[in-house]
Amino acid sequence: MGLVYNIPLFSILLVVVSGVCIPLFRNGKHVIRFVQIVQLLVGAGSLFLMVGLSSLNESFTYQLGHVPAPWGNELRAGPLEGLLSFVFSLVMLLAFSGSRESLISDIKPHRLGNYCLLMQLLYGTLLAMIYTDDLFTAYVFVEVAAVTACVLVSAKESGRSIVSAIRYLMFNCLGSGLFLLGIAILYVLTGHLLFSSLQQAVEQYLLSGSSKLPLIVSALLMTLGLSIKSAQFPFHAWLPDAHASATTTSSAILSGLLLKGYLIILMKLMVCIFGPFVMVSSYLCDLLLLLGLAGMLFASVAALRQEEVKRMIAYSSSAQISYIFLSLGLGSQLGLLAACFQMIVHALTKSMIFLGAGAMINGVHGHYWGQLRGAARKVPLGGIAFTVGGLSLCGIPLLAGFSAKYCIALAALDADWQMAPALFGLAASSVLNAMYYIPAILVIWGRTKPNQEEEWKPISIGLEQKFALSFLLFCNLYLGMRFGLVRDLIEQGIYRFGSFG
Amino acid sequence: MKTTQNDNGWFRRILQWASESESEGADAPEDPEKQEFQEYLEYIDAHDYIEFGAYRYMRYQQRKELGLDEPTSHYTAEPPTPQKKQKGKKSHHKQGVLRKQLRWYQVASVLITCVIFWILCLVVMELPEFGALDAPAWNEVVQRYLQQGREETGAVNAITGMILEYRAFDTFGESVVLFAAAISTILLLRTPNQPLRQRKAGDEILKELSKYLLPIILLFGFYVILYGHISPGGGFSGGAILGAALILASLILGAGEVGRVLTSKRVTYITVFSLLTYAVMKFYSFYTGANHVGWEIPKGEAGHLFSGGFLLPLNLCVGLIVACTMYTFYTLFIPTEEE
């Protein structure tokens, strides 16, 4: 076995162990550097894994310990897993560099170390969610994510962030509980936790036609639990406050990555356990489609009413998550491809918007639209990042959001009755996106009163922040103009991912 | 919300105020936030319940109508509400609307609970019977754990063999959950310059008794951990006993006494090193197992104390993590003594 196959285990353990080592540090600023180096290393490793597996065109399972899989644990990786962990590492790294200043000013110095520790544990968790091949392992890491994410929201000690963290905790517990209930039912029915064994057992049940109700209920409970955790529309009440009141790094990572982690597990459930047949016969696909459609419209309408920049972005996250649900709900391989592509695009775009908005908020010391008037003139790079991100989510061609919408539309054209509602939803939500992003862009670039002109001289931001924002801008443009490469990689990965191929 | 340095303790101050540990009077007039919060509590006593934010917005509107719109509190800027939004705003704020909606929530929640209960009952009826011999959960996975567990892991206690050898990665995740919980509590509740929370020691009789009792409990805790692979027990249960012993010790001898030996820093270091040791040992066996390198740890003779390869040190690590987490929770949530 070559070294490449050890990368998943290496990266998970490296991240978690580096997190655990953090209490041994004394200076919080060194911790940030240390964390960034680890992220860089893991990102490079994931890139290596992705390229290697893609050129070999294979996926593999990695046995953890001396006992093979149904008895022991195992990890599983293919080109798609490599790509996702590469993108996640990249976003982690850029989010830390891009909001370094606000991180240092928002979090008290004696808390900075522990904050980075929890962030690192969350990162390790996300990697484990990507690579896991076992339902219970997934649950354990969902729990780690729940604990760490709530504290990351409340780490900036303001009254509001603590209230929203408590609300977040409630929703998280509800989601975990439903997910665990679903796992328990499935385990009693099949006696397995490994994805491949579960799939065989579920297939046998389907062939014999018995125990249909428990199967459907367990699938529903798990879907419900995960959609609560990933802030899908009717369960999104916790999201805006949690993301708006947290510090910029937390908002960028929670919104850009954590929500996707749960969706990856949902995708694995759909592809690796239930397979297309259960999904369609139990109307689960239709449920996902419906949730997605409703979320796209309602979350966007809610975003229209926000007076705070971060709350608006948070609602927009909920709307973008709905795109992923919609594409999963199409129930085809193209839909899956579109969902993965949207995940990657949204992770990169949303973190860029949050970082841009964070830079502007830091620049003008206010986060209501009234205070942000002309903020982009003061922090030009932040303004550009926000503008490009916003336009990209509206679906302007040559930007990443357009190519994601294009993939979803292609998938929708391939479906039967879902075509019309999906296309309608896509169009309507793009218009709605434009309705709140374009006024926002106009506000931040707008002129203030003439006598205040000299107040808005551009202020300088750190070199690292500049680099992070520029790199995210580059990624956005690249994904918008030349998305063929990434799309092929995802297609190859999905083929190796499960039974859809 | 941009907070400055001196405003960050807002939540803590409210907590202190709620536990009435802060002296009244001296601090009260110069603390507009506290005053505002008190006014709010009086308001919800007299009127309907509304959220604090809604209350502050209402007060803001009232002040604005009176013409004094300088903010009373310094810790947040009031929202400069855009002009267009203000016209429609008043019609939304009818008295008692929220209360009516809340009643609907109660009815709906009862209904939803009933429906879910009914569905889950139906599901349980269809599930295979618990403990039946032909139940699907009794399959080759469980059979191998029970039949070959002893020779493959060297543990007499099948559960320890399962959680620390077969499914060690999951257990690693569980330890990380505990560690994350402990660190979260530390992050939220500990401030560096705050003196260690003191609690008066118990009386003489308790102290005398504890001299005999505590060593036995500690010894029992270590016994349960160390013999985890031979008899029922293991890291999680033994760690809970150890943690309970530490808490008991700090209750009886006073937190200061125990805190001198087990400073918060030392407790964190113990947890960190246990978790690191666990990770290193498991990494070794994951790596050698996955790459088929060999180099297995000798299993020894099952039933002896030093057997089962890494099981003994792994149990010890898990036990220390559990005990330290419990003790950390206790020290952080201990109520402050009022003199």
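## The contact between the chains

In this predicted model, chain A brings 62 residues to the contact and chain B brings 55 residues. On the side of chain A that touches chain B, seven elements are named as each supplying at least two residues: helix H1 (7-21), strand S1 (60-64), helix H5 (109-131), helix H6 (135-154), helix H7 (159-190), helix H9 (212-229) and helix H15 (369-372) of chain A. H6(A) gives the most, with 10 residues.

By class, the side of chain A that touches chain B holds 35 nonpolar, 21 polar and 6 charged residues.

## Helix H6 of chain A and its partner

H6(A) also packs within its own chain. The axes of H6(A) and helix H11 (residues 248-281) of chain A come within 12 Å and cross at roughly 160°. Because angles over 145 degrees count as roughly antiparallel, H6(A) is roughly antiparallel to H11(A). The crossing of H6(A) and H11(A) is left-handed.

From H6(A), the residues A:Ala138, A:Ala145, A:Ala149, A:Leu152 and A:Val153 take part; they meet A:Ser250, A:Leu254, A:Leu258, A:Gly261 and A:Ile265 of H11(A). This contact has 8 nonpolar and 2 polar residues, and no charged ones.

## Confidence

The model scores ipTM 0.90 and pTM 0.85. Chain B has a mean pLDDT of 78, with 77% of its residues at 70 or more. Within chain B, confidence is highest in helix H10 (residues 235-252), at 91, and lowest in helix H4 (residues 89-92), at a mean of 48.

Two stretches of chain B have pLDDT below 50. Residues 71-78 of chain B form one of them, with 13 contacts in the model beyond near neighbours in sequence. Residues 82-91 of chain B form another, with 4 such contacts.

Note on methods
Residues are numbered from 1 along each chain as its sequence is written. Chains are lettered from A and ligands numbered from 1 in the order in which they are written. This is a predicted model: local features need pLDDT of at least 70, side-chain atom pairs count only at pLDDT 80 or more; totals for chains, interfaces and linings use all residues. pLDDT is the predictor's confidence in each residue, from 0 to 100. Helices (H or I, at least four residues) and strands (E, at least two) are DSSP runs, numbered from the N terminus. Two residues are in contact if their C-beta atoms, placed from the backbone, lie within 7 Å. Ala, Val, Leu, Ile, Met, Phe, Trp, Tyr, Cys and Pro count as nonpolar, Asp, Glu, Lys and Arg as charged, and the others, Gly among them, as polar. Axes are lines fitted to C-alpha atoms, for helices over the stretch in contact, and angles run from 0 to 180 degrees between N-to-C directions. Angles under 35 degrees count as roughly parallel, over 145 as roughly antiparallel, 65 to 115 as roughly perpendicular and the rest as oblique. A crossing is left-handed if the near helix is turned anticlockwise from the far one by less than a right angle, and right-handed if clockwise.
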